[in-house]
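Reader: Hi! Could you walk me through this one? I have a few quick questions.

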Amino acid sequence: MYSTSIKTLGELKKAGYTSRSTKEELRENLIDRLRKKETVFEGIWGYEETVIPDLERAILAGHDVNLLGLRGQAKTRLARLMVNLLDEYIPYIEGSELNDDPLSPISRFGRDKIAELGDATPIAWLHRDERYTEKLATPDVSIADLIGDVDPIKAATLKLPYSDERVIHFGLIPRSNRSIFVINELPDLQARIQVALFNILQEGDIQIRGFKIRMPLDIQFVFTANPEDYTNRGSIVTPLKDRIDSQIITHYPKTLAIGKRITQQEARLKDIQRSIVSVNEIAKDLIEQIAFEARKSEYVDAKSGVSARLTISAYENLVAAAERRSIINGEKNTAIRVTDFIGVVPAITGKVELVYEGEQEGPGIVAQNLIGKALRTQFVNYFPDPDKFRKQKEKSPYKKVSDWFGEGNTVDLLHNMTQSDFEKALKSVPGLNDLINDFHKNQDAATKLFLMEFALHGLAEYSLISKHSLSAGLQFKDLLSSMFTLPRPGEDDDDENDELARGKF
C-alpha cells in the first residue's frame with residue numbers, strides 16, 4: 001500500500017510503485033483473503049458451496065463474468081461486493097478522465113502531460129468505491145453512451161478538426177478504465193450495441209467512428225442476465241457470449257433457514273416496529289414457505305421466477321399489519337397472528353408472474369392460496385398429520401375440537417381484534433388449549449396463542465373444519481354445515497367462499 005501523500009510521478013517512482021492490472025489486483029487480493037480465511041462476499045447466504053467458489057475461480061483465472069439467473073438472486077449484490085477486492089487507493093494522472101496509470105498512460109491527455117512535465121506530473125488517488133460503474137441495459141442505450149463519439153462542442157472550443165483524437169467524448173466504458181464495469185440485464189442491450197463490445201472483451205481496445213486509436217483498456221467486466229428462455233425482450237448474441245470467459249449460474253435459497261436469514265438481513269424495519277411487534281420463528285418460517293410454494297405453483301410462471309424480494313416485502317408487510325392493529329387498539333405491544341398474513345397478499349401479488357390459469361383465478365386468489373399451502377406444509381412440522389387419523393377418528397388429537405365445531409359452533413377471528421378478545425375467542429374452543437399443551441407445553445404464552453390460531457388454520461387446510469372469509473376477518477365452523485348452508489336472500493354469491501378452496505382468507 002502506497003501513501004496517498006505522494007503528489008508527483010517522481011515521488012511515485014521513488015516509492016517503488018509498480019503497475020498491475022485490475023484483474024491482477026483482484027486476483028492477488030483474493031488470494032490474500034483466502035489465505036487469511038476471511039469472508040470475501042459478506043452478507044451473501046446460500047452460495048457458499050456453489051456460486052461463490054465459481055466466482056472466486058473466475059477471478060483467479062482473470063475472467064470476465066456473466067452471472068446468469070432469475071430475478072432476485074443477488075447477482076448485482078455479488079458484482080458490487082467485488083469492489084472490496086480492489087486496493088483501497090490507486091494513483092492516476094491528475095485530471096485524466098480515463099484514470100490513466102502514471103507509469104502506463106493510454107490517453108492522449110496522459111501521454112502529453114508526462115511528455116510535458118516528466119517526473120513533475122501531478123498525481124491523484126482514486127478510492128476503490130470510485131472504481132465501480134454500473135449500467136442497466138435498456139433498448140435506448142447507444143454506442144455513444146457506452147464507448148463514445150465525436151463531440152462537436154469540444155472540437156469548436158479547442159479549435160480542433162474532427163480528425164483529432166482530442167475531440168472524442170468518451171463513454172462509460174473508457175471512463176471506467178482500471179475499474180469494474182457492470183452491465184445489468186445484458187439481453188436487453190440491442191444486438192448492434194452488443195457487437196460493439198466484441199473488441200473490448202477480446203482485444204481490450206475500443207473503436208470510435210473512423211479514428212485510428214488503440215486504447216488497451218484495463219477493465220474487469222461483469223454482466224448479469226436472466227436465462228434466455230425467460231426474457232422475451234432479447235438475448236445475448238452468440239459471439240459475445242463466446243467472449244465472456246465464465247458464465248456462473250445463480251439460484252434461489254435451497255432451504256428455509258437460508259431464506260429466513262436473507263429476509264431478516266434485508267428487511268427494513270423501523271426500530272419502533274421491532275420494539276412493538278414480536279415475531280415468532282413459526283411466522284418467519286411461514287413467510288419463507290410462501291416463496292417455496294410459489295416457486296412450484298402451477299399458477300406461477302416458473303421461467304420468471306419468484307424473487308427473494310417477495311419474502312422481504314412480505315415480512316415487512318406482516319410486521320406492519322400487526323403494528324397497525326396495535327395502533328388501532330391502543331396497545332403498546334403485540335405479537336404476530338396468523339390473521340395478520342392478510343397483509344402479506346399485496347407483497348405476493350406484485351412479485352409473481354402468473355401463467356394463464358393464474359390470471360383466470362386472479363392474483364388475489366392465487367396469493368391467498370399460496371398462504372394456505374404454506375400453512376398446510378408447515379402445520380405438520382408442529383402437529384401430527386391429520387391425514388393419519390382419517391380412518392381412526394377416535395384416536396385423533398383433533399377430535400374434541402372438530403366435534404365442537406360439528407355441533408354448530410363458530411369462532412370469528414377479526415383482523416383488528418383486541419388482545420383480550422382474541423385470547424377469549426381462541427380459548428372458547430374446547431380442546432384447543434389442551435392440544436397446544438400436549439405438543440408445545442414449554443412455549444411462552446404469546447407463542448401458544450399463535451399456535452392455537454395456527455391449529456385452526458391447519459385443520460381448515462386439512463378439511464377437518466372450514467374457514468370462511470368475513471368482511472373484517474375470518475370465521476371457522478364445521479365443514480359439512482358450511483357446505484349445505486345456502487346464501488341468504490340478497491347476499492352476493494361472490495362474497496361466499498367455496499369452503500373446499502382451502503387457503504382463501
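Reader: How much space lies in the largest pocket?
Author: About 730 Å³. A pocket here is an open set of points on a 1 Å grid over the protein atoms alone, where a 1.4 Å probe fits, with protein on both sides within 12 Å along at least five of seven lines. The volume is the space filled by probe spheres set on the points, which are joined across faces, edges and corners. Keep in mind that this is a predicted model: local features need pLDDT of at least 70, side-chain atom pairs count only at pLDDT 80 or more, and totals for chains, interfaces and linings use all residues. Residues are numbered from 1 along each chain as its sequence is written, and side-chain values use heavy atoms, without hydrogens and water.

Reader: Nice. Which residues lie nearest its centre?
Author: G72, Q73, A74, R77 and R309, out of 28 lining residues, meaning those with an atom within 4 Å of a point.

Reader: And which helix gives the most to that lining?
Author: That's α14, with five residues. Helices are DSSP runs of H or I, at least four residues, and strands are runs of E, at least two, numbered from the N terminus.

Reader: Switching to the sheet: what is the strand order?
Author: β4-β7-β8-β1-β9, an open sheet with parallel pairing; strands pair if DSSP finds at least two bridges between them.
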